[in-house]
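User: Hi! Could you walk me through a few loop residues in this structure?
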Amino acid sequence: MNSPEPHGQLVLAATPMGHLDDASTRLKAAMASADVVAAEDTRRARALAAGLGVTITGRIVSYYDQVEAQRTPALVEEVRSGATVLVITDAGMPSVSDPGYRLVVACAEAHLPITCLPGPSAVTTALAVSGLPVERFCFDGFAPRKPGQRKTWLSAYIEEPRTAVFFEAPHRLAECLGDAVEILGPDRRAAVCRELTKTYEEVRRGTLAELASWAADGVRGEITVVLEGAVAGAPDIDDLVAQAEELVASGTRLKEACAQLALRSGASKRELYEAVLAARSAE
């Protein structure tokens, strides 16, 4: 009887964004025991291991954006043959705006085991300290570099109700925030998170106009921006009156129609009811 084909596993591991004490015990164990460590920057990987007091016993290979597609097939074969392949990036979670996605897809398509060692993430850290509503949010990677593309990209947030998170290069932050003021208005709230978990961590909260003015003097470090979602405008009472009359014409009692529309729009049920009566008396 043939023995089953050996399978290793792909392990994605979050690494500290700055403070080494944020490294998990599982990350240290994985770095010490993995057969292959695929690192965004091999020098940083070795420095991280040294800082954590870990000896990497497996083979270290570089796995950054420019070589990701080329090196993925060989790493899949390593997993298929029984090796544990650990993927780490310079900071945070692999595959979230960092290398790793292609390898996850390839291993998934090959039905090979994949697991993740959770840990630091600039996205969730920035959300937590932003002071903005975070029950619902979206993440949009890096802002486009070219002004025209960036303005088109920002336009998608005009009516986006969710809080948004994105990354920006420090030398483009002022221009990006200036475009945001133009497209989204000066009063939309935001937070700029700089050097999260590092020695010079800074979180600036305010309106887009205030933050654009602050950033105009120049900003350094790793930047994560959290943008407030669009706030729904006050409902148009005339439109609601017309909708209430349509419901009444279809057989709904006026008070029930007003209750339904108030629940949907956030308008006052009493004020809507009185507006319908006023409109009728004016006819």
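Analyst: Happy to! Glu195 sits in the loop between β8 (189-194) and β9 (202-207); helices (H or I, at least four residues) and strands (E, at least two) are DSSP runs, numbered from the N terminus. This is a predicted model, where local features need pLDDT of at least 70, side-chain atom pairs count only at pLDDT 80 or more, and totals for chains, interfaces and linings use all residues. Residues are numbered from 1 along each chain as its sequence is written, and side-chain values use heavy atoms, with hydrogens and water left out.

User: Is Glu195 buried or exposed?

Analyst: Glu195 is buried, because its relative accessible area is 16% (buried means under 20%, exposed over 50%, partly exposed in between, with a 1.4 Å probe and protein chains only).

User: New topic: which residues does Gly229 contact?

Analyst: Leaving aside neighbours within four places in sequence, Gly229 touches Glu160, Pro161, Arg162, Thr163 and Arg188; contact means heavy atoms within 4.5 Å.

User: How many residues apart are Gly229 and Thr163 in sequence?

Analyst: They are 66 residues apart in sequence, but 4.4 Å apart in space, C-alpha to C-alpha. Gly229 is in the loop between β10 (223-227) and α9 (237-249), and at 7% relative accessibility Gly229 counts as buried.
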